[in-house]
Amino acid sequence: MTRPFLGFGLGLRTDHYQHVIDNKPQVDWFEIISENYMIPGGKPLANLDKIREDYPMVMHGVSMSIGSTDPLNTAYLQKLKQLIDRIEPHWISDHLCWTTVNHINSHDLLPLPYNEATIDHIADRIKQVQDIIGQQMLIENLSSYVTYNNSEMAEWEFVNEIAKRADCYILLDINNIFVSANNHHFEPQHYVNGIDSDRVMQFHLAGHSYNGEMIIDTHDHDVCDPVWDLYEYALGRFGAVSTMIERDDNIPPFSELHQELAIAEKIANRVLTTEQLEISGNKILVGAA
Amino acid sequence: MPTLQDLQTHFMDYLLDESSVIIDDIESTPMLSAKGRLDIYATAYKLRLKEAITTDYDKLASYLGDDQFDLLMERYIEKYPSHTTNLRYFSINLPELVRDEAPFNQLAELFELACIERAFADSFDAKDLQFATLDDLAALPEKAWGSLQFIFQKSVQILWLQYNSFPVWKALAEENEPPKIEQTASMAWILWRRSDLVSHYRVLSTAEIAILSLAMKGETFAVICEKLLDFFSEEQTPMKAISFLQSWVAEEMLVGFKY
């Protein structure tokens, strides 16, 4: 597969709207949280439209609840489609998780048991979503703090199988691999080696916090050295993958995040060739994987 | 073996009240028990919802103080599990809880402050529509005026307040000491978002709220003029009616006319 490569992006956050609009910083692309803009109107959408004029974007959701046993939320998907039509992102993503059951929303990314029944359930739902939105989507691996007794396979096998059966792509969160590896005692490199390279379309990088011996995926710190090391390892395995840094709390000035993104670019320049890092971001996901 | 639906239902039960059979389906490790692992999610669940409520009602939080506001949030989270995909709308029923439940209903200004904060949030992201202009008004044909109705933009909201809650809200917003709460004559306030994308508010006179209420219900300009006779003489009424109408247009409250 020739993977589109958007370069190095950041999550677009409210605190940085004015800086981005006024200064047009040199960032290859922005990722937006879809739900923040699934509203009727007002300043968030006005700012989004302004920034979209100058930057490529991808959309990242937190509420699709693709793993839920509730019916797919068609009202949500219709609003998502409206935002897709407005923003024309290169792709959209959401998490391989469930958030809602019996119509109660936890507003959290809750883990799934890794077994055949769950794969069947989710692959079918992703296909339905892709039909509704008219394009392939990306599913992201979680950070998790529990595993279920009825899991039958490793997480990376579960992720691969769903991506294959649903014919969708993978957003590989490098920090989440590191966090879950610590919390569930596996080698993060083993996870990276197990993922189907052809399906990987995007990387997330983020910081985390320690809670005793557990690591919590808080997105409120800089990316730490072991995660940078794992990122370098992943680049060696997958080649050029569009990379962005997620920061959702304790948000620093834009310039600090920009400097952190430069570290990602520096690592990629060390691992990959100039040809591999050539931006090819004019491709929008609509075709078959 | 539990079904996926059983697992999810039991997991959610744990988040809601921290007692569920889900513990039996979670792996414990020497590092941390199943309960300890589930508690990470239960703690995060409440923290996330409390953060959303505090974002939407930060002035009420300042006014109540940490302990009372935390009690309010605990009560709300228990009574109103989220049925929305967007956290923005999770706390939308908070004013009703404040109005209905002790000890919060013993201070009437709390309900008013909560309503003001909800009104600002609703105004902030209300639907964008093209505003009617004074040129649009001037271009109305003569025949329109007999049946003329008004279409208000979605952000327009009317708040009836019995206390000096707006000055209190304003002081809290500016991080100043709020004035002492005082009961006032019942006053109507209008809050709406203009083309600068900023929400504006002002108090309405008795005459203006009387006709604005009618106009927002879809009554015609003729009915509005008739109502104004309760406040002004026959000579004054036509000019007053046009003056109110022009101010609604100039202040970007209207998006169009029907006739």
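Q: How many residues of domain 1 of chain B are in contact with residues of domain 2 of chain B?
A: This is a predicted model, in which local features need pLDDT of at least 70 and side-chain atom pairs count only at pLDDT 80 or more, whereas totals for chains, interfaces and linings use all residues. Chain B is divided into domain 1 (1-93) and domain 2 (107-259), with bounds that come from an automatic or database domain assignment. Two residues are in contact if their C-beta atoms, placed from the backbone, lie within 7 Å. Domain 2 of chain B brings 10 residues to this contact, and the number from domain 1 of chain B is 7.

Q: Which helix gives the most to the side of domain 1 of chain B that touches domain 2 of chain B?
A: Residues are numbered from 1 along each chain as its sequence is written, while chains are lettered from A and ligands numbered from 1 in the order in which they are written. Helices (H or I, at least four residues) and strands (E, at least two) are DSSP runs, numbered from the N terminus. On this side of domain 1 of chain B, the helix that gives the most, with 4 residues, is H3 (residues 58-64) of chain B.

Q: How many charged residues are on the side of chain B that touches chain A?
A: The contact takes 37 residues from chain A and 39 residues from chain B, and helix H1 (4-17) and helix H2 (34-56) of chain B each supply at least two residues of the chain B side. In this count Ala, Val, Leu, Ile, Met, Phe, Trp, Tyr, Cys and Pro are nonpolar, Asp, Glu, Lys and Arg are charged, and the others, Gly among them, are polar. The chain B side divides into 21 nonpolar and 8 polar residues, and the number of charged residues is 10.

Q: In what sense do the strands of the chain A barrel pair?
A: In chain A, 8 strands close into a barrel in the order E1-E2-E3-E4-E7-E8-E9-E12. One of the pairs is E9 (residues 200-205) with E12 (residues 242-245) of chain A, joined by 4 bridges, and here A:Gln202 has A:Ser242 as its partner. The pairing in the barrel is parallel.

Q: Which handedness does the crossover from E2(A) to E3(A) have?
A: Strand E2 (residues 29-33) of chain A is joined by 4 bridges to E3(A), with A:Phe30 standing opposite A:Met57. A crossover is right-handed if, with the strands pointing away from the viewer, the path from the first strand over the helix to the second runs clockwise. The chain passes through helix H2 (residues 43-52) of chain A, and this β-α-β crossover is right-handed.

Q: Are A:Val58 and A:His60 in strand E3 of chain A buried or exposed?
A: A residue is buried if 20 or more other C-beta atoms lie within 10 Å of its own, exposed if 12 or fewer, and partly exposed in between, with C-beta atoms placed from the backbone. A:Met57 and A:Met59 lie on one side of strand E3 (residues 57-60) of chain A, A:Val58 and A:His60 lie on the other, and these residues are all buried.

Notes. Pairing = 2+ DSSP bridges.
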